[in-house]
Amino acid sequence: MAKAQRKESLTDWGADEFERALQVLLADYARADLNMIGTHILRSGIVHSLRMRLRAQEWIRRHPEILDEQVAAPIVVVGMMRSGTTLVQRLLAADPRFLCAYGWEVVEVAPRLGETFTGTDPRIAISQAREAKSRELAPDLFTIHPMYAREAEEEIVFLADAFLSHIPESGAHLPHYRSWLDEQDFTPAYDYLHRMLQFLQWQKGRRGMRGDRWVLKSPAHLGYLDLLAARFPGLHVVHLHRDPRTTIASGASLNATLHAMHADTVDLRRVGAEWLQRMGWTNDRAMAVRDNWDSGCVTDIQYEDAAADPIGQVARVYDAIGVPLTDHARDAMRHWLQVRPREGARPPYRLADYGLRPEQVDQRFAEYTRRFRDRSSV
């Protein structure tokens with residue numbers, strides 16, 4: 001915190017309580033088997049999060065009208081990793097009537113103090129340089145989870161900046177922080193997310209950008225749909241579904257890649273077991289919340305349907321929220337499909353690589369599969 005204050009020449013953290021969560025996280029990082037590079041990467045990331053908090057707080061102090069921004073009835077895309085959430089989010093974000101958080105905005109949500117919001121935002125070039133560096137230094141990670149400066153990106157980073165997030169456990173062995181999180185109220189994290197969206201909306205307005213509603217996306221929201229709905233009244237959830245055997249193996253592959261960036265040895269079986277447990281926990285919570293929701297609040301989309309007819313499936317979302325899918329929006333979506341970034345082949349992965357058996361995954365997600373993947377019951 002002192003380092004962040006020195007770098008920003010700011011001291012006001014605002015009224016939020018985040019220090020306890022940060023303390024628990026740092027204590028577990030101190031016990032983790034990190035190498036020097038991993039320590040540097042993770043420490044730098046935490047300092048960056050703190051710098052963004054300080055800088056955002058100063059912007060809000062200078063412009064208290066930021067907190068008057070109304071983030072109305074967002075469309076929130078959720079689903080397990082590799083279930084088609086990015087495809088659906090970016091198609092919706094192609095509609096100029098909607099707002100989204102771009103990669104360059106997520107990486108550096110708070111501009112330098114004194115930014116006038118005229119001309120090309122300097123954060124774009126900074127983010128593009130980071131994108132290029134990531135391609136160069138971590139090609140496997142970029143292939144598995146690419147983050148483009150000028151594409152719509154998930155806002156999970158804002159939850160991480162509140163230090164109530166499952167991101168840390170995906171890249172290091174943090175058993176205490178992991179179990180501590182399970183008992184925490186994530187309301188402060190979703191309050192911070194809301195405030196950062198207000199801040200981004202205000203910035204977009206200064207640049208002349210207007211939108212009717214936001215398109216949000218993060219698999220992390222699955223475990224907190226109740227908090228999401230409480231913080232964003234009127235939201236509409238788009239829930240993507242895919243065979244858990246595929247999504248669990250993919251998520252374990254990403255986590256193992258992240259662990260390998262931070263530690264010299266990675267226990268792949270532990271990574272697999274923890275990911276299976278986390279996603280089972282997450283899906284159980286999502287299903288429990290959805291039991292009490294009006295079906296009109298959610299559009300369920302199968303991965304296979306989204307892959308075969310992406311615009312047709314997105315049209316179902318428009319029908320559900322009562323917004324016309326205009327020819328202009330369709331053209332924008334078709335254009336994005338033609339020019340969208342194309343990732344290279346992902347590194348091979350199998351459930352067995354992480355000590356998992358197909359029948360083990362089937363058993364853990366039996367209720368989810370019956371409810372959302374059985375075509376006769378969907």
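**Exercise 1.** Is cysteine 100 buried or exposed?

*Solution.* The model is predicted, with local features requiring pLDDT of at least 70 and side-chain atom pairs counting only at pLDDT 80 or more, while totals for chains, interfaces and linings use all residues. Residues are numbered from 1 along each chain as its sequence is written, and side-chain values use heavy atoms, leaving out hydrogens and water.

Step 1. Apply the cut-offs: buried is under 20% relative accessible area, exposed is over 50%, and partly exposed lies in between (1.4 Å probe, protein chains only).
Step 2. Cysteine 100 has a relative accessible area of 2%, so this residue is buried.
Step 3. Cysteine 297, at 29%, is partly exposed.
Step 4. The number of disulfides in the structure is 0, a disulfide being a pair of cysteine sulfur atoms within 2.5 Å.

**Exercise 2.** Give the strand order of the open sheet, and find which strands stand at its edges.

*Solution.* Step 1. Strands (E, at least two residues) and helices (H or I, at least four) are DSSP runs numbered from the N terminus; two strands pair if DSSP finds at least two bridges between them.
Step 2. The 5 strands are ordered β2-β3-β1-β4-β5, with parallel pairing.
Step 3. β2 (98-99) and β5 (298-302) each have a single partner strand, so they stand at the edges and one side of each lacks a neighbour in the sheet.

**Exercise 3.** Describe the surroundings of β3.

*Solution.* Step 1. Strand β3 (residues 213-217) pairs with β2 in the parallel sense over 2 bridges. Leucine 99 is opposite tryptophan 214, and phenylalanine 98 has arginine 213 as its bridge partner.
Step 2. With strand β1 (residues 75-78), β3 forms a parallel pairing over 3 bridges; here valine 76 is opposite leucine 216.
Step 3. Helix α10 (residues 187-206) lies across β2 and β3, at about 130 degrees to β3. Such angles run from 0 to 180 degrees between N-to-C directions, with axes fitted to C-alpha atoms, for helices over the stretch in contact.
Step 4. As for burial, 5 of the 5 residues of β3 are buried.

**Exercise 4.** How do helices α15 and α16 pack?

*Solution.* Step 1. Helix α15 (residues 310-321) packs against helix α16 (residues 327-339) at an angle of about 140 degrees, with the axes 11 Å apart.
Step 2. Pro310, Ile311, Val314, Ala315 and Tyr318 of α15 meet Arg330, Met333, Arg334 and Leu337 of α16, contact meaning heavy atoms within 4.5 Å.
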